[in-house]
Amino acid sequence: MASRVRVWLNRTYAENVFFMDQLRSNPQRRAVEIHATHGDPDSPVLAAADTAAMEPDGLSPAAYVEYALDQCARHSVDVFVPVLHQQAIVAHRADFAAAGTALLAPSVEAVAVFQDKATAYQAVQAVGVPVPPWWRVRTPEELEAAVEALEADGHRACFKPAAGAGGVGFRVLTRTPFSMMHLNGFPSPYVPLDLVVEAMRQADEPVDWLVMPRLAEPEVSVDCLTGPDGRVRMAVGRTKNGRRRGFTLHPSWIEPARLIAEAFGLHYLTNIQFRMFGDEPVLMDVNTRPAGGLHQLAQCGVNAPWAAVQLALGEETGELVPSALAPDYTVVAGPRPVRPVSLPQQRTDAPAPALTPTLPAVPAPAAEVSTASAPASAAAPAGASSAAVAPA
């Protein structure tokens, strides 16, 4: 019988509860024990884990690496999926390997390239992948010049931080004066240009933004699984158009994603995002980590998290090809438990207590299936989990 696999997820987003569910429901029925750490005691990943611990606050990247090495040793971690301080951690891959832990993360060179979006755009453009026009701005004058250039070509300008994850800091610029229109209804990403310019002039430090045209839908996030040998084992696109979600294997999205993954050493699970600029797909972003929506591929019969763990352990997976592309669907919120603060014990089936203080954990219920946009007769496969939990 194969030995159990011990996996650690450090401070990560709440949707990774589904990542954990998929590890436990692996097709080999291999025993998986999950250790989770977080800075938020109410993160559902702590409740879903077999053992859990609070992460110390205020650690420098170097100090966090020491903390991580200690966690791996104390908890006999076989595979570590780092999100927080990923760049510092992968720079010490050899140290983790010496401790018996494989890192489920890309090469240090790849992480460095894609930490900075301007560097990333230059790099992928050099290998032939289209990118949108963009300007790096740090001053009000640079911002105004970039916006005027985009508007002269008939585009609406937007900006986002040159470094950052997800949609944090993304705004769309408008010349409409601030009014009650901006205060009615839900908060909007639209901000008046004059207020942004004034805020930049009042700021103590310069900004570091990329300004580019507002790209059109559909948005396609290609989830890639690449082995440490640089060969892509899986590339499946998840499409987003308003509320509607779907899947695609169309070469216009898949081929540039494969090219990026192989050219830059994006090993294991990464997510490469595209949108439309005119009639051409262009790169929007590259995430050197598993995407929050990765679990949605279960609707196509693919368990990408487990395949990634197998590759990290040196086990070959072969090509991962969807058994079928599931019908379109939408994503709805679903409840997940948090840790019961009044109960200090671990699960009854957990291994012996760790030497470091741990938090209680409770079993995670089966994830709810998303509400499908297609008719009920075309529902997603049983057991597919697409209910969303807001990112931590």
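At what angle do H8 and H9 pack, and how far apart are their axes? In this predicted model, the two helices pack at an angle of about 155°, and their axes are 9 Å apart. An angle over 145 degrees counts as roughly antiparallel, and H8 and H9 are therefore roughly antiparallel to each other. On the H8 side the contact is made by Pro140, Glu141, Leu143, Glu144 and Val147, which meet Leu193, Val196, Val197, Met200 and Arg201 in H9. By class, the residues of this contact divide into seven nonpolar, three charged and no polar.

The setting for this pair is a protein with eleven helices and 15 strands. Of its 392 residues, 51% are buried, and among contacts between residues at least 6 apart in sequence, 66% join residues at least 24 apart.

Helix H9 itself, residues 193-202, has Leu193, Val196, Val197 and Met200 as its buried residues. These cover an arc of only 100° around the axis, which puts them on the same side of H9. The face turned away from that buried side carries the exposed residues Asp194 and Gln202. The partners of the buried residues include strands as well as a helix: they pack against helix H8 (140-152), and also against strand S7 (157-161), strand S8 (171-174), strand S9 (190-192) and strand S10 (209-213).

Leaving aside residues up to four places away in sequence, Leu225 touches Arg231, Val232, Arg233, Met234, Tyr268, Leu269, Ala307, Ala308, Leu311 and Leu320. The C-alpha atoms of Leu225 and Ala261 are separated by 8.6 Å, although the two residues are 36 apart along the chain. Strand S11 also holds Pro218, and the peptide bond from Glu217 to Pro218 is cis, with omega near 10°.

Tyr268, one of the residues that Leu225 touches, lies in strand S14 (residues 268-277). Tyr268 has a positive phi of about 65° although it is not a glycine, and at 7% relative accessibility it counts as buried. A positive phi, of about 55°, is also found at His85, again not a glycine. His85 belongs to the loop between strand S4 (79-81) and helix H4 (86-90), and its relative accessibility of 24% makes it partly exposed.

A further loop residue is Ala99, placed between helix H5 (93-98) and strand S5 (102-103). Ala99 is partly exposed, with a relative accessible area of 38%, and its C-alpha atom is separated by 9.2 Å from that of Asp78, 21 residues apart along the chain.

Conventions. Residues are numbered from 1 along each chain as its sequence is written. This is a predicted model: local features need pLDDT of at least 70, side-chain atom pairs count only at pLDDT 80 or more; totals for chains, interfaces and linings use all residues. Side-chain values use heavy atoms; hydrogens and water are left out. Buried means under 20% relative accessible area, exposed over 50%, partly exposed in between (1.4 Å probe, protein chains only). Helices (H or I, at least four residues) and strands (E, at least two) are DSSP runs, numbered from the N terminus. The arc is that of the directions from the helix axis to the C-beta atoms. Contact means heavy atoms within 4.5 Å. Axes are lines fitted to C-alpha atoms, for helices over the stretch in contact, and angles run from 0 to 180 degrees between N-to-C directions. Angles under 35 degrees count as roughly parallel, over 145 as roughly antiparallel, 65 to 115 as roughly perpendicular and the rest as oblique. Ala, Val, Leu, Ile, Met, Phe, Trp, Tyr, Cys and Pro count as nonpolar, Asp, Glu, Lys and Arg as charged, and the others, Gly among them, as polar.
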